[in-house]
Amino acid sequence: MTEVTYYTQEGLDKLKEEVHYLTTTGRQLISKAIAEARDKGDLSENAEYDAAKEAQGLHEAKISKLKSTLASARLIDESKLDLTKVLALSIVKIKNIKNGATMTYQLVAESEADLKTGKISVKSPIAQGLLGKSVGDKTEIEVPAGKIEFEILEITR
């Protein structure tokens, strides 16, 4: 059974666009590459043909995986979320208690995660340590560098 994943409208639209591109333009490009390789002669000794067929297999596997993800995707209705606790899609401002540094992260689905824009996966160690907590709570989170204690300063959407 496929795991349900929650998306923002932006993330869900991006996923649908990628599936559409891969099933239309992507398939056409691969078909063209296979046809060109086939035209070069003997298929039993044609490395280009083998590579194009392998690329086709990988492409179809990616389409299948994305369609499966899309089938289990759920759109989060932000208007019904509890603003007092950290949940998926929460924007959380936290403070590292040891060095006083503050950071702001939005907890999103794995496929939407982008650290450059402050979006972290709900499956990441930091997000897992923050989920369910409220403003003022302190939590110790195990990260690759060791344990870090954070205080939750603010939760928004």
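Is Glu110 buried or exposed? At 52% relative accessibility, Glu110 counts as exposed, where exposed means over 50% relative accessible area, buried under 20% and partly exposed in between (1.4 Å probe, protein chains only). The model is predicted, so local features need pLDDT of at least 70 and side-chain atom pairs count only at pLDDT 80 or more, whereas totals for chains, interfaces and linings use all residues. Residues are numbered from 1 along each chain as its sequence is written, and side-chain values use heavy atoms, with hydrogens and water left out.

**View 1. The salt bridge of Lys123 and Glu110.** The closest N and O atoms of Lys123 and Glu110 are 3.5 Å apart; a salt bridge is a side-chain nitrogen of Lys or Arg within 4 Å of a carboxyl oxygen of Asp or Glu. Lys123 lies in the loop between β5 and α3 and Glu110 in the loop between β4 and β5, so the pair ties together parts 13 residues apart in sequence. Helices (H or I, at least four residues) and strands (E, at least two) are DSSP runs, numbered from the N terminus. Lys123 is partly exposed, at 41% relative accessibility.

**View 2. The salt bridge of Glu60 and Arg27.** Here the closest N and O atoms are 2.8 Å apart. The pair links distant parts of the chain, with Glu60 in helix α2 (residues 47-71) and Arg27 in helix α1, 33 residues apart. Glu60 is partly exposed at 29% relative accessibility, and Arg27 is partly exposed at 31%.

View 3. An automatic or database domain assignment gives the bounds: domain 1 covers 5-75 and domain 2 covers 78-156. Their centres, taken over C-alpha atoms, are separated by 35 Å. Five residues from each domain take part in the contact, which means heavy atoms within 4.5 Å. One salt bridge is counted between the domains. About 460 Å² is buried between them, this being the accessible area (1.4 Å probe) that two parts lose on being put together, summed over both. Tyr6, Tyr7 and Thr8 supply 73% of the area that domain 1 buries against domain 2.

**View 4. The largest nonpolar core.** This core has 15 residues, and those with the most contacts inside it include Val86, Val92 and Ile152. A nonpolar core is a set of buried Ala, Val, Leu, Ile, Met, Phe, Trp, Tyr and Cys residues joined through side-chain atoms within 4.5 Å. Among the residues that Val92 touches are Met103, Tyr105 and Leu130, not counting residues up to four places away in sequence.
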